[in-house]
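Let's take a look at how a protein wraps around its ligand. Keep the picture open as you read.

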Amino acid sequence: MTNLVGRKVSVKVPATSANLGPGFDTLGMALSYYDELEVEAVAGSGAVVEVIGEGAGEVPTDENNLVVKSIAYVFEQVGVPLPGLKLKAHNIIPHGRGMGSSGAAVVSGIVAAKGLLEGVVDFTPERLLQLATDLEGHPDNVAPALFGGLTIAWEDAKGPHHKKLIVHRGVSPLELVPNFKMSTATARALQPESVPHEDAVFNVSRSALLVAALTQSPELLMAATEDRLHQDYRAEAMPEAGKVIELMRANNHAAVVSGAGPSVLVLASDPAERMEAAKLAAENFPQWRALVLAVDFKGATVISHQ
Ligand code: HSE
C-alpha cells in the first residue's frame, strides 16, 4: 500500500445556487465565489482543522468537521486506511444562506481525497457525484460545485447523474445575501407531500423553458423563473426574501430564492440590467449584501498537489 503521509492537496470550490426557481432539486449553477481548502496527510490518526473566515469558531475542528467526514467517507468507500489529516479551510461562502456552503464543504473534501489518492484509486466524474450526493442528500448543489456551469441533475436506480450546460454569456447573476440564516431542513419541512397536478405541469413547463433561457434566450428569464413547487410553501420562514423577490420581479428582474434560502438570486439578462437590480436592492434593502458574480465554468479545481 502506497504511503500517503506527506501528500498535500489544495482545492478551490465554487458557491452554488440550487433550484433556480422552477428546477427544484434538479437545476443548479456554480458561481464565482470560492472556498479554498488545504489538506495534508500526516502520520498517526485523527484530524486537526483550522478554519479561517466563514464558520470559524462555529464548525467542529476535529473528526466531526464536515470536510473531514467527507474525506473519511471516500477513504472508507475505496477501502484505503485513512491517514492523519491536517486541514486549513479558507471560507468565504456564507453558511446557512442558500449558497451551497455545505455542498462546497462536501465537494472540497471529496476532491481533496481524490487528490490524496492519486495513483492509488481512480474516480470517474459520476463516482464523485455519487459520493457527494451520498453525503449531501440531493445532487442539485453538489453537481455544479463539482463540475461548474449550469447543471441538470437526476437520479435513477444506478444513482445520481448530471448534464453540464454552458450558460449564455449575457446571463448576469446577482446574489443578494441577508445577515440571517435559514436551515435547509427547516425549509424542506414546509414542503407538502403532494402538489396539485396543474402546479406540477406549471413547473415542468417553466423548468424546460429555463434551460432554454439560460443557454440561448436570456430575454425569457422572467417567465422561465416562475415556480409553484417550493418558494410559496417556504415563504413564511423567510418573509423578507419574499419582499426582495416581489420588488425585483415587479421591476422585471428575474429573482428567485437561492437554494433553500434565504438569499435571493437575480438572473439578469445583461450586466446593465444587473446593475439596475443591484441599485434597487441597495436603495430598498440596504442591510442585504449584493454580490456581483459570474457563472463559474470549471467547478472544483485542484490548485496545487504535492
Ligand atoms: N434543492 C434543495 C432545497 C437545495 O431547496 O431544499 C438546498 O440544499
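## Who surrounds the ligand

Sorted by class, the ligand's shell holds 3 nonpolar, 5 polar and 4 charged residues. Here Ala, Val, Leu, Ile, Met, Phe, Trp, Tyr, Cys and Pro count as nonpolar, Asp, Glu, Lys and Arg as charged, and the others, Gly among them, as polar. Among the surrounding residues are Phe 24, Asp 25, His 138, Thr 184 and Arg 234; being near means having a heavy atom within 4 Å of the molecule.

Before going on: this is a predicted model, where local features need pLDDT of at least 70 and side-chain atom pairs count only at pLDDT 80 or more, while totals for chains, interfaces and linings use all residues. Residues are numbered from 1 along each chain as its sequence is written, and side-chain values use heavy atoms, leaving out hydrogens and water.

## Between two domains

Where does the ligand lie? Domain 1 (8-165 + 295-304) and domain 2 (172-292) both give residues to the shell, so the ligand lies between them. Those bounds come from an automatic or database domain assignment. Helix H4 (139-147) and helix H5 (184-189) each supply at least two shell residues; helices are DSSP runs (H or I, at least four residues), as are strands (E, at least two), numbered from the N terminus.

In the side chain of Arg 188, an N or O atom is 2.5 Å from a ligand oxygen. For Asp 140, a side-chain N or O atom is 2.6 Å from a ligand nitrogen. Asn 19 has a polar side-chain atom 2.7 Å from a ligand oxygen.

Asp 25 sits in the loop between strand E1 (8-18) and strand E2 (27-42). Its phi is positive, about 60°, although Asp 25 is not a glycine. Most residues other than glycine have a negative phi.

Notes
A polar contact is a pair of N or O atoms within 3.5 Å; within protein, one must be able to donate a hydrogen and the other to accept it, and residues adjacent in sequence count only if both atoms are side-chain atoms.
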